[in-house]
Amino acid sequence: RLSHARQRSFIHRNWRSIFILMALLVDTLAVLGSGLCASLVRGHMSDLANLSTQTLFFVVLSFGGVLILFGLVLGLYRAAFHTDRRRQYYLAAKSYLYSFLLVLASFYILRLMEFPRKFTLLFFLFLPFFFVIGRSILNRFNLMMQKKGFGIHKALVVGYGQEGREVFRRFRGFPELGYDVRG
(Lines give C-alpha, C1' and ligand atoms only; values in the text may rest on other atoms or scores of the structure.)
Protein backbone atom coordinates (compact mmCIF):
# COMPACT_ATOMS: atom_id res chain seq x y z
CA ARG A 1 0.00 0.00 0.00
CA LEU A 2 1.09 3.49 -0.78
CA SER A 3 1.20 5.99 2.02
CA HIS A 4 -1.18 8.93 1.85
CA ALA A 5 1.67 11.28 0.89
CA ARG A 6 2.82 8.97 -1.91
CA GLN A 7 -0.75 8.60 -3.19
CA ARG A 8 -1.15 12.38 -3.23
CA SER A 9 2.19 12.76 -5.01
CA PHE A 10 1.17 10.16 -7.60
CA ILE A 11 -2.14 11.92 -8.26
CA HIS A 12 -0.36 15.29 -8.44
CA ARG A 13 2.12 14.03 -11.03
CA ASN A 14 -0.52 12.24 -13.10
CA TRP A 15 -3.54 14.51 -12.69
CA ARG A 16 -3.74 15.34 -16.42
CA SER A 17 -3.86 11.65 -17.41
CA ILE A 18 -6.31 10.83 -14.63
CA PHE A 19 -8.58 13.70 -15.66
CA ILE A 20 -8.50 12.68 -19.34
CA LEU A 21 -9.43 9.09 -18.39
CA MET A 22 -12.28 10.47 -16.27
CA ALA A 23 -13.48 12.53 -19.28
CA LEU A 24 -13.49 9.39 -21.42
CA LEU A 25 -15.44 7.56 -18.72
CA VAL A 26 -17.95 10.42 -18.37
CA ASP A 27 -18.56 10.46 -22.13
CA THR A 28 -18.95 6.67 -22.18
CA LEU A 29 -21.49 6.92 -19.36
CA ALA A 30 -23.31 9.69 -21.27
CA VAL A 31 -23.58 7.40 -24.31
CA LEU A 32 -24.82 4.48 -22.19
CA GLY A 33 -27.25 6.69 -20.26
CA SER A 34 -28.66 8.07 -23.50
CA GLY A 35 -29.08 4.57 -24.85
CA LEU A 36 -30.81 3.44 -21.68
CA CYS A 37 -33.21 6.40 -21.67
CA ALA A 38 -33.99 5.96 -25.37
CA SER A 39 -34.61 2.27 -24.72
CA LEU A 40 -36.96 3.04 -21.82
CA VAL A 41 -38.90 5.55 -23.93
CA ARG A 42 -39.00 3.07 -26.82
CA GLY A 43 -40.88 0.61 -24.61
CA HIS A 44 -43.78 3.10 -24.60
CA MET A 45 -43.84 3.38 -28.40
CA SER A 46 -45.74 0.52 -29.99
CA ASP A 47 -43.73 0.37 -33.22
CA LEU A 48 -40.42 0.25 -31.35
CA ALA A 49 -41.29 -2.26 -28.69
CA ASN A 50 -40.55 -5.25 -30.95
CA LEU A 51 -36.93 -4.32 -31.76
CA SER A 52 -34.32 -6.59 -30.27
CA THR A 53 -32.06 -5.41 -27.48
CA GLN A 54 -29.05 -6.48 -29.58
CA THR A 55 -30.10 -4.13 -32.38
CA LEU A 56 -30.45 -1.22 -29.98
CA PHE A 57 -27.16 -2.07 -28.29
CA PHE A 58 -25.46 -2.17 -31.70
CA VAL A 59 -26.69 1.38 -32.44
CA VAL A 60 -25.46 2.66 -29.06
CA LEU A 61 -22.13 0.84 -29.32
CA SER A 62 -21.57 2.00 -32.91
CA PHE A 63 -22.30 5.61 -32.15
CA GLY A 64 -20.40 5.56 -28.86
CA GLY A 65 -17.31 4.12 -30.51
CA VAL A 66 -17.42 6.57 -33.40
CA LEU A 67 -18.07 9.50 -31.06
CA ILE A 68 -15.10 8.65 -28.84
CA LEU A 69 -12.92 8.10 -31.91
CA PHE A 70 -13.86 11.50 -33.36
CA GLY A 71 -13.33 13.03 -29.91
CA LEU A 72 -9.82 11.59 -29.82
CA VAL A 73 -9.01 12.73 -33.36
CA LEU A 74 -10.41 16.25 -32.87
CA GLY A 75 -8.61 16.70 -29.53
CA LEU A 76 -11.68 16.70 -27.28
CA TYR A 77 -9.90 14.72 -24.58
CA ARG A 78 -6.68 16.71 -24.76
CA ALA A 79 -8.84 19.83 -24.55
CA ALA A 80 -10.75 18.54 -21.53
CA PHE A 81 -7.78 19.50 -19.41
CA HIS A 82 -6.77 23.17 -19.34
CA THR A 83 -9.35 24.35 -21.87
CA ASP A 84 -12.34 26.54 -21.17
CA ARG A 85 -15.80 24.97 -21.31
CA ARG A 86 -16.82 26.81 -24.46
CA ARG A 87 -13.96 25.17 -26.39
CA GLN A 88 -14.77 21.76 -24.86
CA TYR A 89 -18.42 22.05 -25.91
CA TYR A 90 -17.41 23.23 -29.39
CA LEU A 91 -15.18 20.17 -29.89
CA ALA A 92 -17.86 17.91 -28.41
CA ALA A 93 -20.50 19.34 -30.75
CA LYS A 94 -18.19 18.79 -33.70
CA SER A 95 -17.54 15.19 -32.64
CA TYR A 96 -21.26 14.65 -32.08
CA LEU A 97 -22.23 16.05 -35.48
CA TYR A 98 -19.58 14.11 -37.40
CA SER A 99 -20.45 10.92 -35.54
CA PHE A 100 -24.16 11.43 -36.09
CA LEU A 101 -23.69 11.89 -39.83
CA LEU A 102 -21.22 9.02 -40.22
CA VAL A 103 -23.27 6.50 -38.25
CA LEU A 104 -26.55 7.42 -39.96
CA ALA A 105 -24.95 7.33 -43.41
CA SER A 106 -23.26 4.00 -42.66
CA PHE A 107 -26.45 2.38 -41.43
CA TYR A 108 -28.37 3.65 -44.43
CA ILE A 109 -25.77 2.86 -47.11
CA LEU A 110 -24.61 -0.50 -45.76
CA ARG A 111 -28.09 -1.64 -44.68
CA LEU A 112 -26.53 -3.62 -41.88
CA MET A 113 -29.82 -4.17 -40.11
CA GLU A 114 -33.39 -3.02 -39.82
CA PHE A 115 -32.48 0.50 -38.84
CA PRO A 116 -34.38 1.70 -35.71
CA ARG A 117 -34.94 5.32 -36.78
CA LYS A 118 -37.07 6.48 -33.86
CA PHE A 119 -34.81 4.88 -31.27
CA THR A 120 -31.76 6.44 -32.91
CA LEU A 121 -33.43 9.86 -32.98
CA LEU A 122 -34.32 9.54 -29.28
CA PHE A 123 -30.77 8.44 -28.52
CA PHE A 124 -29.31 11.44 -30.37
CA LEU A 125 -31.69 13.79 -28.54
CA PHE A 126 -30.78 12.46 -25.09
CA LEU A 127 -27.02 12.45 -25.65
CA PRO A 128 -26.30 16.22 -25.49
CA PHE A 129 -28.28 16.43 -22.25
CA PHE A 130 -26.23 13.65 -20.63
CA PHE A 131 -22.99 15.03 -22.04
CA VAL A 132 -23.56 18.53 -20.62
CA ILE A 133 -24.53 17.17 -17.20
CA GLY A 134 -21.53 14.81 -17.10
CA ARG A 135 -19.05 17.43 -18.24
CA SER A 136 -20.47 20.02 -15.81
CA ILE A 137 -19.95 17.61 -12.91
CA LEU A 138 -16.47 16.76 -14.19
CA ASN A 139 -15.51 20.44 -14.53
CA ARG A 140 -16.75 21.20 -11.01
CA PHE A 141 -14.74 18.27 -9.71
CA ASN A 142 -11.67 19.55 -11.56
CA LEU A 143 -12.10 23.03 -10.03
CA MET A 144 -12.43 21.45 -6.59
CA MET A 145 -9.25 19.46 -7.16
CA GLN A 146 -7.46 22.57 -8.43
CA LYS A 147 -8.31 24.36 -5.19
CA LYS A 148 -6.45 21.52 -3.47
CA GLY A 149 -3.48 22.10 -5.78
CA PHE A 150 -3.98 19.30 -8.34
CA GLY A 151 -3.51 20.24 -11.97
CA ILE A 152 -2.26 23.74 -11.15
CA HIS A 153 0.75 25.16 -12.89
CA LYS A 154 2.53 28.25 -11.66
CA ALA A 155 2.95 30.77 -14.45
CA LEU A 156 4.64 34.06 -15.07
CA VAL A 157 3.37 36.23 -17.91
CA VAL A 158 6.30 37.77 -19.73
CA GLY A 159 5.30 40.73 -21.81
CA TYR A 160 3.98 44.20 -21.50
CA GLY A 161 1.26 46.31 -22.96
CA GLN A 162 -2.13 45.14 -24.08
CA GLU A 163 -1.01 41.61 -25.09
CA GLY A 164 0.48 40.84 -21.68
CA ARG A 165 -2.60 42.16 -19.89
CA GLU A 166 -4.86 40.09 -22.17
CA VAL A 167 -2.97 36.86 -21.41
CA PHE A 168 -3.04 37.69 -17.70
CA ARG A 169 -6.79 38.43 -17.84
CA ARG A 170 -7.49 35.17 -19.70
CA PHE A 171 -5.60 33.09 -17.17
CA ARG A 172 -7.34 34.81 -14.26
CA GLY A 173 -10.76 34.69 -15.92
CA PHE A 174 -10.70 30.98 -16.63
CA PRO A 175 -9.58 29.09 -13.52
CA GLU A 176 -10.36 25.78 -15.25
CA LEU A 177 -7.25 26.39 -17.36
CA GLY A 178 -5.24 25.54 -14.24
CA TYR A 179 -2.72 28.38 -14.22
CA ASP A 180 -1.72 30.18 -11.05
CA VAL A 181 -0.33 33.44 -12.44
CA ARG A 182 2.29 34.72 -10.05
CA GLY A 183 2.90 37.98 -11.85
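1. At what angle do helix α2 (residues 53–74) and helix α4 (residues 85–110) pack? The angle is about 135 degrees, and the two axes lie 8 Å apart. Axes here are lines fitted to C-alpha atoms, for helices over the stretch in contact, and angles run from 0 to 180 degrees between N-to-C directions.

2. A word on the basis. This is a predicted model, in which local features need pLDDT of at least 70 and side-chain atom pairs count only at pLDDT 80 or more, while totals for chains, interfaces and linings use all residues. Residues are numbered from 1 along each chain as its sequence is written, and side-chain values use heavy atoms, with hydrogens and water left out.

3. Overall make-up. The protein has 6 helices and 2 strands. From the N terminus the order is α-α-α-α-α-β-α-β. Helices (H or I, at least four residues) and strands (E, at least two) are DSSP runs, numbered from the N terminus.

4. Burial and surface. The protein has 183 residues, and 37% of them count as buried. Buried means under 20% relative accessible area, exposed over 50%, and partly exposed in between (1.4 Å probe, protein chains only).

5. Contact range. Take contacts between residues at least 6 apart in sequence: 81% of them join residues at least 24 apart. Contact means heavy atoms within 4.5 Å.

6. Back to α2 and α4. The two helices are oblique to each other. Angles under 35 degrees count as roughly parallel, over 145 as roughly antiparallel, 65 to 115 as roughly perpendicular and the rest as oblique. The crossing of α2 past α4 is right-handed. A crossing is left-handed if the near helix is turned anticlockwise from the far one by less than a right angle, and right-handed if clockwise. On the α2 side, the contact residues include Phe58, Phe63, Val66 and Phe70. On the α4 side, they include Leu91, Lys94, Tyr98 and Val103. By class, this contact has 14 nonpolar, 4 polar and 1 charged residues. Ala, Val, Leu, Ile, Met, Phe, Trp, Tyr, Cys and Pro count as nonpolar, Asp, Glu, Lys and Arg as charged, and the others, Gly among them, as polar.

7. Ser62 deserves a look. Ser62 sits in helix α2. Is Ser62 buried or exposed? Ser62 is buried, at a relative accessible area of 18%. Leaving aside residues up to four places away in sequence, Ser62 touches Val103 and Phe107. Val103 and Phe107 are among the α4 residues in the contact with α2.

8. α2 also meets α5. Their axes come within 11 Å and cross at roughly 40 degrees. That makes α2 oblique to α5. The crossing is right-handed. Leu56, Val59, Val60, Phe63 and Leu67 of α2 meet Phe119, Thr120, Phe123, Phe124 and Leu127 of α5. The residues of this contact divide into 9 nonpolar, 1 polar and no charged.

9. Next, α1 and α5. How far apart are the axes of helix α1 (residues 4–42) and helix α5 (residues 117–147)? The axes are 7 Å apart, at an angle of about 150 degrees. α1 and α5 are therefore roughly antiparallel to each other. α1 passes α5 in a right-handed crossing. The contact has 20 nonpolar, 7 polar and 3 charged residues.

10. Arg78 lies in helix α3 (residues 76–79). Arg78 counts as exposed, at 52% relative accessibility. Not counting residues up to four places away in sequence, Arg78 touches Arg16, Ile20 and Leu72. Gln88 is 10 residues from Arg78 along the chain, and their C-alpha atoms are separated by 9.5 Å.

11. Finally, His153. His153 belongs to strand β1 (residues 153–155). His153 is partly exposed, with a relative accessible area of 38%. The C-alpha atoms of His153 and Tyr179 are separated by 4.9 Å, while the two residues stand 26 apart along the chain.
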